[in-house]
Amino acid sequence: MKKLILLYILSTTICFSNEYTIQIPQNVIEAMDLSPELAARLSGGDIIGNGGGLVEQEFRFAYRRLPRIIATCEESQFCPFTGVERESLIRIKDVASKFLNMKDRLIFLSESKYPGFFRDSRDAEVRIAKTAFIPGAPIFVNLDLLYIENKPSIEFSTMISLLVHELGHQIGIKSHSELDDMGAKLRDYLTQDTRLTSFEVHGGLAQVRVFNLQKIDFNAEVFFSYRGTVIPLTSRIRDELSCKRKKSMAIGFELTNSHWDRFRSDRGVSILGYNAWIKVRCLELSTSAIWTEDKDLHLDFHFYDRQYLSLDLAIK
């Protein structure tokens, strides 16, 4: 255990000290509605780091999950998109997927440090995000609006909505109202059955978010967040699923009745237990029969010295 803790602390120190200078492509700067002074500053490459807080990490996580969320919406009878809007949503998914691994697909800037960046000549209101009409251009996010009194002010579903809006600009849609409507529709689809469970750990907020997507063969979107760490849990849970009958397989799950155990400590490591009822949807391979099985999910989150360490997972 001591070796594991030491390794984690060293790797965390390396991660947080690894700042770098962000280079914004010149064609992106030229394509945006910026003053000559701002354009010159941004061309000079004076942006250091790229946001290491919890909200910034959740934004990056939201970008990575967006193509999958759109794909599940496409396949669901509850998806609120039809016609031209649906075609635009698919194009947004394709752009997000293509640039999923681009290092600076999201750039976090402060409006107070770069006055006027998050305004434009057509709208005097300070915006929370901005991009160019170029596929793969960075999406700039206003750091000043991500926290209120050092607490996150933007939820995951709102991040999804904002990303739809900005990526919509990248496929050529200029209308803010049209993209606001599309973002709101996908947010509403995502949050039809949403659960948030929070617990304060060493002065930080540990949270598990669950989005139960409405289709029999969909897995819930589940992730854990704490002090700038975001851990996706969907795949971990899915890999542990099984069905009782022979020659059958789990094809989806949803979580309900989530709650915490009492906080406890073991040899200097703090442990927070999370429980939920899990409804597993099963498919019999020979007959294509589908049924559900009720099981219990248990997660133990381990913390050491105000940092997240690891988790244990069990389904019974």
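Counted along the chain, the bonded cysteines pair up in the pattern 1-2, 3-4. That makes a handy way into this predicted model, where local features need pLDDT of at least 70 and side-chain atom pairs count only at pLDDT 80 or more, while totals for chains, interfaces and linings use all residues. Residues are numbered from 1 along each chain as its sequence is written, and side-chain values use heavy atoms, with hydrogens and water left out.

So, how many disulfides does the structure hold? There are 2, a disulfide being a pair of cysteine sulfur atoms within 2.5 Å. One of them joins C73 to C79, with an S to S distance of 2.1 Å. The torsion about that S-S bond is about 95°, so the C73 to C79 disulfide is right-handed. Both C73 and C79 are buried, where buried means under 20% relative accessible area, exposed means over 50%, and partly exposed is in between (1.4 Å probe, protein chains only).

The other disulfide runs from C243 to C282, also with S to S at 2.1 Å. Here the torsion about the S-S bond is about -95°, so this disulfide is left-handed. The pair ties together distant parts of the chain, 39 residues apart: C243 sits in the loop between α8 (234-239) and β12, and C282 sits in strand β14 (residues 269-284). These labels come from DSSP runs numbered from the N terminus, with helices being H or I of at least four residues and strands being E of at least two. C243 counts as buried because its relative accessible area is 13%, and C282 is buried with a value of 0%.

Not counting residues up to four places away in sequence, S248 touches C243, L283, E284, L285 and W291; a contact means heavy atoms within 4.5 Å. S248 is buried too, at 18% relative accessible area. A polar atom of the S248 side chain lies 2.6 Å from the backbone oxygen of R245.

Next stop is D300, in strand β15 (residues 290-304). Is D300 buried or exposed? At 11% relative accessibility, D300 counts as buried. The side chains of D300 and R264 are joined by a polar contact of 3.0 Å. A polar contact is a pair of N or O atoms within 3.5 Å; within protein, one must be able to donate a hydrogen and the other to accept it, and residues adjacent in sequence count only if both atoms are side-chain atoms. Leaving aside neighbours within four places in sequence, D300 is in contact with residues including I271, L272, G273 and S310. Y274 is 26 residues from D300 in sequence, yet their C-alpha atoms are 6.3 Å apart.

Now for the helices. The 15 residues of α7 (residues 176-190) should span 21 Å at 1.5 Å a residue, and the end C-alpha atoms are 21 Å apart, which agrees; the expected span is 1.5 Å times one less than the number of residues. Buried residues of α7 include L179, M182, G183 and A184. Among the elements covering the buried residues of α7 are α4 (54-75), α5 (83-98) and α6 (156-170).

The axes of α5 and α7 come within 12 Å and cross at roughly 80°. Axes are lines fitted to C-alpha atoms, for helices over the stretch in contact, and angles run from 0 to 180 degrees between N-to-C directions. The two helices α5 and α7 are therefore roughly perpendicular, the word for 65 to 115 degrees, with under 35 roughly parallel, over 145 roughly antiparallel and the rest oblique. E85, S88, L89 and I92 of α5 make the contact with D181, M182 and K185 of α7.
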